[in-house]
Amino acid sequence: MTEATDQSSSLPVKDPILIRPRREPFEHGLLPIPKLVFSDPIQTLIPLKQKLLQASPSHRLNSSAISESLQISSDHARLVLDTLASVLHSDSDPLVNATPDERLLPRSHKDSAAVADVWPSTSAFDGYLSALSPLQLVRSNSRRLMPSQADEEAHQLSYLQKHLPNILSLLAESVEEEGEESLVLSVERFEHLGFLVQFGDKGSDGMQLSQHTPFFANSDPDMPAVPVPAAQVLDWILQNIASALDNISERASLKENGPSGASDPDVAMADASTSSVNRTNTNRGPSYIEGISKSSLVKQASDLKGSSVKVLNCHESVIYILAPLRYATIYGCSDTTIVLGAVGKAVRVEHCERVHLITVAKRVCIANCRECLFFLGVNQRPLIVGDNHKLQVAPYNTFYSQLGSHMSEVGIEAALNRWDEPLALGVLDPHDSLSHPAGVSDVQTETATCLDPDQFTNFLIPNWVSGEFPGATDCNPFPLPDAYLASLERNKKSLGEVLQILRETPLEENRKRELSSALHVYFKDWLYASGNIRQLYCLQGD
């Protein structure tokens, strides 16, 4: 072991291509299932790993086998599979492309599942790293203290730094050399670390993780690389993490000591202007829409950098993001209507109040929200975690001309909509919203109720795409339940009857003018009272 350590200490750290945490498992992959949180991870997970590996002679596990092995319900077992599929680093994995009924967990990914199980249930960054609890800083009623992206990345790296020995122990294989047992990692098992880390801003354009290492790089595909001592791998990764953390500290120092107007891609969320902000002009990370207030905003695919978006701290606004996306996060918004195009992996909505979200997505997770309404076209059950109050769900209620092509691009099926099957997960202490072990005073997380069909209306998106093109979507692709369809038809019929009465009522010209003026005044009052007048101004500007 000493020799391996000495060998790795002289290995050069690849710079400026730095190691980075994959955000997706941290932001979209955590599940507050008590039986998957262990006080002694290694002593529990190593035998559990062996049990999972032995559970299926075909070397693949379905939800039934996972339910039996982990002693969790079948609903939770399917949720584990769906969650892993949404955050895996390889889109070619069979788990990602399988239908829910076909979904099987390959043996080679048991280690990834085990790694996910040892993530923390609490941290100073609970709003991002824990589905169980809100950020502690929210108690101070100050969203401006939310951590910057640099702080968030540093915290994720520090977490990996702390737990990497345990993670490698789960991945490594035991071999006997000169009468002594030692742990080694094959290149295949090393690649599983790509679930949690990558090199460079985009994973180096698909380059395998092992090709960044001095011990696996440039190996002959026809000649399997020799397994490497786990201690050598540990030292090398820790050295890279230390360099990445130093780089983050240096950037923060430069920002603090540099010119006050200097731009920084990792500018703290509190410093963003009250307009749409893309924090970086490269393809690194998600696009940001931040600090929109009392306004309307339209973003299409050509306006976004990359395939993920974050909508942060927007208030009293209407935001359209009409694009095919992989991930979307909505955080700290209030009194805002947000329309997301088609999201192929996952949407997370957190710490929002009185937000209306209209989206097509593979899956949606809602955490710590109040009085929000969700119009959903989703292929998986909406997941509700944390401290929520008065949430409502409803079927999807809109369309735009490119919706069909965007859905096909990200793999969402219009024939399957599970909007009305919310799954509430976790428990809360009514006197303490922070994460903690379950206690006698805990209550189940509050679920969402279905919107009354009489309150259901369609939402009209203006057509910002000029010209006609083949295959344009001209109606809601998701079939409406009978009760909601009947409600729309009743409203349409009532409107027609009112218009007919107005047309047939004999009025003198001056009375017609008075009626028209009164309708105009009431409509104008409604526009101002509802805030929809801003949309008219924005549409005029477009």
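Me: Hi! Let's start with Pro32: is Pro32 buried or exposed?
Reply: Hi! Pro32 counts as buried, because its relative accessibility is 7% and the cut-off for buried is under 20%. Bear in mind that this is a predicted model.

Me: Where is Pro32 found?
Reply: Pro32 is in the loop between helix H2 (23–28) and H3.

Me: And how far apart are Pro32 and Gly426, in sequence and in space?
Reply: In sequence, Pro32 and Gly426 are 394 residues apart. In space, their C-alpha atoms are 5.7 Å apart.

Me: Let's zoom out for a second. How many helices and strands does the protein chain have?
Reply: The protein chain has 15 helices and 21 strands.

Me: What share of the residues counts as buried?
Reply: Of the chain's 542 residues, 49% count as buried.

Me: Nice. What angle do H3 and H4 make?
Reply: The axes of H3 and H4 (residues 63–70) cross at roughly 145° and come within 10 Å. The crossing of H3 and H4 is right-handed. On the H3 side the contact is made by Leu48, Lys51 and Leu52, and on the H4 side by Glu68, Ser69 and Leu70.

Me: How do the residues of that H3 and H4 contact divide by class?
Reply: The contact of H3 with H4 has 3 nonpolar, 1 polar and 2 charged residues.

Me: Then what about H4 and H5, how do their axes cross?
Reply: The axes of H4 and H5 (residues 74–87) come within 8 Å and cross at roughly 115°. That makes H4 roughly perpendicular to H5, because 65 to 115 degrees is the range for that label. The crossing of H4 and H5 is right-handed.

Me: Which residues meet there, between H4 and H5?
Reply: Ser63, Ile66 and Ser67 of H4 meet Ser74, Ala77, Arg78 and Leu81 of H5. The contact of H4 with H5 has 3 nonpolar, 3 polar and 1 charged residues.

Me: New topic: Ala342. Where is Ala342 found, and is it buried or exposed?
Reply: Ala342 sits in strand S12 (residues 337–350). Ala342 counts as buried, because its relative accessibility is 0%.

Me: What does Ala342 touch?
Reply: Leaving out residues up to four places away in sequence, Ala342 touches Ala323, Pro324, Leu325, Val360, Tyr400, His406, Met407, Val410 and Ile412. His406 is 64 residues from Ala342 in sequence, while their C-alpha atoms are 5.9 Å apart in space.

Me: And Ser405, where does Ser405 lie?
Reply: Ser405 lies in helix H12 (residues 403–410). With 40% relative accessibility, Ser405 counts as partly exposed. Ser405 and Ala323 are 82 residues apart in sequence and 9.9 Å apart in space, C-alpha to C-alpha.

Me: Last one, about backbone angles. What is the phi of Asp335, and where is Asp335 found?
Reply: Asp335 has a positive phi of about 50°, although it is not a glycine. Asp335 is in the loop between strand S11 (318–331) and S12, and it counts as partly exposed at 36% relative accessibility.

Me: What about the phi of Glu371?
Reply: Glu371 also has a positive phi of about 50° and is not a glycine. Glu371 is in the loop between strand S14 (364–367) and strand S15 (373–378). At 43% relative accessibility, Glu371 counts as partly exposed.

Notes: Residues are numbered from 1 along each chain as its sequence is written. This is a predicted model: local features need pLDDT of at least 70, side-chain atom pairs count only at pLDDT 80 or more; totals for chains, interfaces and linings use all residues. Side-chain values use heavy atoms; hydrogens and water are left out. Helices (H or I, at least four residues) and strands (E, at least two) are DSSP runs, numbered from the N terminus. Buried means under 20% relative accessible area, exposed over 50%, partly exposed in between (1.4 Å probe, protein chains only). Axes are lines fitted to C-alpha atoms, for helices over the stretch in contact, and angles run from 0 to 180 degrees between N-to-C directions. A crossing is left-handed if the near helix is turned anticlockwise from the far one by less than a right angle, and right-handed if clockwise. Contact means heavy atoms within 4.5 Å. Ala, Val, Leu, Ile, Met, Phe, Trp, Tyr, Cys and Pro count as nonpolar, Asp, Glu, Lys and Arg as charged, and the others, Gly among them, as polar. Angles under 35 degrees count as roughly parallel, over 145 as roughly antiparallel, 65 to 115 as roughly perpendicular and the rest as oblique.
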